[in-house]
Amino acid sequence: MVSYRRLNPEDVQFSSEVLSEEPRPVLEEVPEPEEASLLPRRLPCSVTTGVLVIGCMLLLLGGGWILGTMFWLHGPSNQPPHRPPAPVPAPTPNSRVHTGINDTAAASRRKTCSLIPEAWRFDCYPERGVVVTRELCEARNCCFIPASSPSSSATRPSGKNGIPWCFYPPDFPSYSLESLNDTSLGQKGALVKEAKTYYPGDILTLEVEIRHETDTRLRVRITDPSSSRFEVPISVPTVTKKAQSPDYIVEISKEPFGLIVKRSSTGAVLLNTTVAPLFYADQFLQFSTSLPSQFIYGLGEHRSTFLHDVHWNTLTMWARDVPPMEKTNLYGAHPFYVAVEDGGNAHGFFLLNSNAMDVALQPAPALTWRTIGGILDFYVFLGPDPGSVIGQYVEVIGYPAMPIYWALGYHLCRWGFNSSESTWEVVKSLRNYRIPQDVQWNDIDYMEQFLDFTFDSTNFATLPDLVKDLHAHDQRYVMILDPGISSTQPEGSYWPYDEGLKRGVFIKDAEGKPLIGKVWPGLTAYPDFSDNVTHEWWYENLQRFHEKVPFDGLWIDMNEPSNFLDGSTNGCPSNSLENPPYTPGVLGGLLRAKTLCASAQQKQSIHYNMHSLYGLMEAKASASAMKRIVAKRPFVISRSTFPSQGMYSGHWLGDNRSQWKDLYASIAGILTFNLLGIPLVGADICGFSEEPQEELCVRWTQVGAFYPFTRNHNAISMKPQDPTAFSPLARTAMKQALLLRYSLFPLLYTLFHHAHVHGHTVARPIMFEFPKDVRSYGIDKQFFWGKSLLVTPVLDPGVDYVDGYFPAGLWYDYYTGDSVSSKGEELRLHAPLDKINLHLREGSVIPTQVPNITLWVSSSQPLHLVSALSDDGSASGDLFWDDGESIDTYENNQYTYITFNVAQRVMTSQVLHSNVESTYVTVESVSFYGVKQKPSEVLVNSQDAPFTYRANQVLTVADLGLILSQNFTISWM
């Protein structure tokens with residue numbers, strides 16, 4: 001849960017005035033030693049010096065502009081952290097005479113600046129809350145032109161972007177390529193820059209390495225050859241041989257330095273960094289690129305539409321505990337995007353950097369990466385289709401884990417189960433109504449005084465018995481854990497803290513003492529999950545608690561990490577880590593806002609570098625511990641995420657609200673996280689905060705039945721919102737939606753197998769399957785499961801219909817087999833309260849089962865295959881099957897994999913790999929949608945078989961009893 005009770009966007013209290021709507025006055029200069037100066041400074045004034053200045057004015061002005069520029073370019077920095085540079089001196093009455101040279105240069109510069117189209121103006125003054133004046137802008141040697149659009153603003157507090165008034169001129173100083181040599185993987189070169197910028201700590205000599213890693217993957221690293229810098233500690237592929245036939249062409253601009261990456265087959269420009277200058281200072285790294293189109297996706301975690309808006313839209317990345325809201329950095333950081341090119345090809349881009357950053361989109365279209373630490377280490381993925389881009393991306397960051405089977409069932413939780421008995425009553429109620437449920441959860445209510453690894457011995461005294469009862473009914477139990485460990489318990493009374501202190505597992509402040517913040521149990525210390533010693537301590541705590549309460553999975557929350565304070569009980573030091581020269585648009589305006597001090601010390605680096613990695617590292621420690629404890633696939637759901645997290649956990653979209661707009665936004669969220677390599681994702685069904693309406697909860701349960709991860713969860717003091725809490729009509733509609741999900745478990749499980757092995761998405765946007773259909777690019781009210789099943793939910797109140805887009809082709813109503821042929825158009829569908837519309841795409845075969853109230857029972861039921869024939873009578877599909885819980889069944893060859901193909905009125909199954917589990921399952925029936933003529937006979941393995949044929953061209957063959965592990969044929973004539 002979030003650290004604010006029912007927090008609304010307007011209630012957010014900022015930690016400083018950085019985000020104030022009022023313009024922030026320019027701060028006065030703090031005197032510094034002269035040799036540290038970066039910018040022109042005011043001369044000291046007196047009567048004597050005034051006379052001297054007037055006497056020399058004509059001479060000084062004659063070369064003033066040129067000398068001033070040279071002085072600015074070459075001078076070192078004296079700017080105090082996070083302050084805009086002072087303006088150049090205002091002209092005096094006696095300084096109004098300009099030489100012809102100065103006038104000509106200024107006029108020429110103004111003309112050059114005016115020729116830059118507004119859409120291609122790259123922001124030279126991105127600091128928020130500053131009134132950008134001409135003096136401030138020209139002090140940075142940039143162009144200043146108030147934009148013509150009424151939407152633009154010189155004062156741009158966070159979230160209020162527009163056309164920049166201050167932008168880079170074409171001749172702004174940047175790096176040049178001094179040398180370039182071939183390497184075994186590509187090329188390596190030296191970059192130099194003579195002129196310093198307006199940010200301190202410029203690194204004037206860089207090394208660029210271009211690696212042609214595979215035919216569809218290019219990697220570029222720009223580093224400081226004289227000093228090592230922080231690099232993200234995740235494992236990526238090591239390549240030893242240069243790609244032989246790359247799908248890309250790399251062109252290099254020498255002065256200014258820039259890279260242009262083109263697609264070999266079409267010439268499309270995928271990356272062009274020559275559009276704006278490269279910055280590489282100690283705490284400010286920036287580069288820009290053109291985009292081939294306005295169609296860009298990814299860049300999590302943000303509340304937005306699936307297709308990002310490129311109209312002056314800045315997305316900030318820095319993990320933060322805050323309810324999902326637009327224009328705000330949320331729980332995770334994912335600097336990866338997919339872009340679609342003209343003609344439907346797609347490519348991806350990944351910046352491997354964990355520091356706080358802004359990603360600025362503009363309508364050129366173009367994009368600017370602006371980060372405050374680390375190195376520039378990025379990948380370009382060539383696709384060429386969107387699905388292939390994701391496969392290439394997860395090949396780098398790590399393939400998502402195969403979930404344990406019950407992870408795909410229905411999960412129920414709430415903050416406000418005030419006892420184990422009240423939790424148990426809801427479980428029993430669901431059973432009585434025969435409503436499916438696989439997993440029961442508890443929020444922090446179960447803990448003793450909110451202490452991790454404890455349970456309330458009074459109100460939750462029967463918790464161990466509840467868990468045993470769940471297991472007896474083939475159900476599972478998941479509990480919440482927050483990372484904050486209470487530091488105020490009497491010495492010797494709380495093993496997690498005492499032992500953690502002894503082993504030194506907690507994050508330390510700048511003085512080397514455990515940093516103390518505040519969350520639910522009060523004052524707390526924070527485990528440092530970048531240290532392997534902490535992993536062992538975490539495992540031992542979990543093991544000790546598991547002996548008391550045999551939980552099955554972990555819900556790790558508050559792991560941005562969240563803090564009710566800003567930094568710590570002792571505040572934070574005043575230094576450039578806490579107040580960097582540039583602070584991205586983080587909520588609160590400070591890196592420490594509602595989290596730890598940026599200067600806090602961790603095993604692998606300072607928190608400044610590690611912050612957004614905290615959730616990933618806790619997930620890794622938790623998954624490792626769960627494997628050791630239960631010896632099965634670990635189940636972990638995390639709020640904070642980072643690239644590669646799909647290897648260790650799933651994710652839920654955080655503390656949403658019981659509003660229709662949140663229901664709609666959830667679809668974009670699950671689609672985006674499938675792009676980001678975390679397919680096990682869902683939103684809190686019915687909404688977390690605010691009172692749910694019955695109609696909303698029914699519609700949300702229908703949509704939630706098709707989240708890859710399906711959990712109903714709500715907040716304390718809210719009315720219950722599990723299916724049994726509503727009217728019989730609503731309860732029945734929710735039950736039907738969940739039974740529908742359970743019947744589709746074989747399909748969903750197979751999709752997760754492909755995600756695990758091939759990097760495919762599970763919940764999939766329409767445009768992934770129809771990348772040449774531009775009308776599909778912005779659709780986020782519908783989605784696919786895999787490539788075959790199209791989900792068209794109702795997302796509005798008070799309607800019994802829904803409009804859905806159907807790309808060109810043949811589609812079949814999943815329930816009836818009725819067909820519709822679309823030319824690529826929107827169709828209105830009947831959608832009473834108890835129905836969610838599903839359609840099968842032509843050419844698909846999907847496996848289903850008779851559902852039951854747990855997946856343990858459902859998964860042993862006979863299969864029913866549904867085949868949706870193309871116009872030529874063909875279709876194909878597949879099934880992955882194993883025991884559902886053993887680790888690495890695919891890697892250890894302990895699985896069954898079967899393909900189904902239909903052609904020329906014959907279905908064949910082919911068992912490509914077999915395992916004993918498949919011998920327990922039979923294929924009981926098959927339906928064929930789109931059989932144009934009634935058959936005269938049907939043969940199953942060459943034997944006559946009874947069948948039915950309906951007027952809507954649906955052929956069904958039942959009572960088959962075919963062993964899944966044996967090949968079979970079904971034909972008709």
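In this predicted model, cysteine 572 is partly exposed, with a relative accessible area of 22%, whereas cysteine 597, at 3% relative accessibility, counts as buried. These two cysteines form a disulfide in which the sulfur atoms lie 2.0 Å apart, and the torsion about the S-S bond is about -85 degrees, so the link is left-handed. Both cysteine 572 and cysteine 597 are placed in the loop between strand S25 (553-556) and helix H9 (607-610), 25 residues apart.

A search of the whole structure finds 5 disulfides, and when the bonded cysteines are numbered in sequence order, the pairing reads 1-5, 2-4, 3-6, 7-8, 9-10. One of these disulfides is formed by cysteine 113 and cysteine 143, with 1.9 Å between the sulfur atoms, and its torsion of -70 degrees about the S-S bond makes it left-handed. Cysteine 113 belongs to helix H2 (residues 100-114) and cysteine 143 to strand S1 (residues 143-144), so the pair ties together parts that are 30 residues apart in sequence. Cysteine 113 counts as buried at 5% relative accessibility, and cysteine 143 counts as buried at 1%.

Cysteine 686 and cysteine 697 form a further disulfide, their sulfur atoms 1.9 Å apart; here the torsion is about 85 degrees, so the disulfide is right-handed. Cysteine 686 and cysteine 697 are both buried.

Of its 32 lining residues, the closest to the centre are Pro400, Ala401, Met402, Pro634 and Met647. Helix H10 (614-630) and helix H14 (745-758) each give two or more residues to this lining, with H10 giving the most, 4 residues. By class, the lining has 19 nonpolar, 7 polar and 6 charged residues.

Note on methods
Residues are numbered from 1 along each chain as its sequence is written. This is a predicted model: local features need pLDDT of at least 70, side-chain atom pairs count only at pLDDT 80 or more; totals for chains, interfaces and linings use all residues. Side-chain values use heavy atoms; hydrogens and water are left out. On a 1 Å grid over the protein atoms alone, a cavity is a set of points where a 1.4 Å probe fits but cannot get out, and a pocket is an open set with protein on both sides within 12 Å along at least five of seven lines; lining residues have an atom within 4 Å of a point. Ala, Val, Leu, Ile, Met, Phe, Trp, Tyr, Cys and Pro count as nonpolar, Asp, Glu, Lys and Arg as charged, and the others, Gly among them, as polar. A disulfide is a pair of cysteine sulfur atoms within 2.5 Å. Buried means under 20% relative accessible area, exposed over 50%, partly exposed in between (1.4 Å probe, protein chains only).
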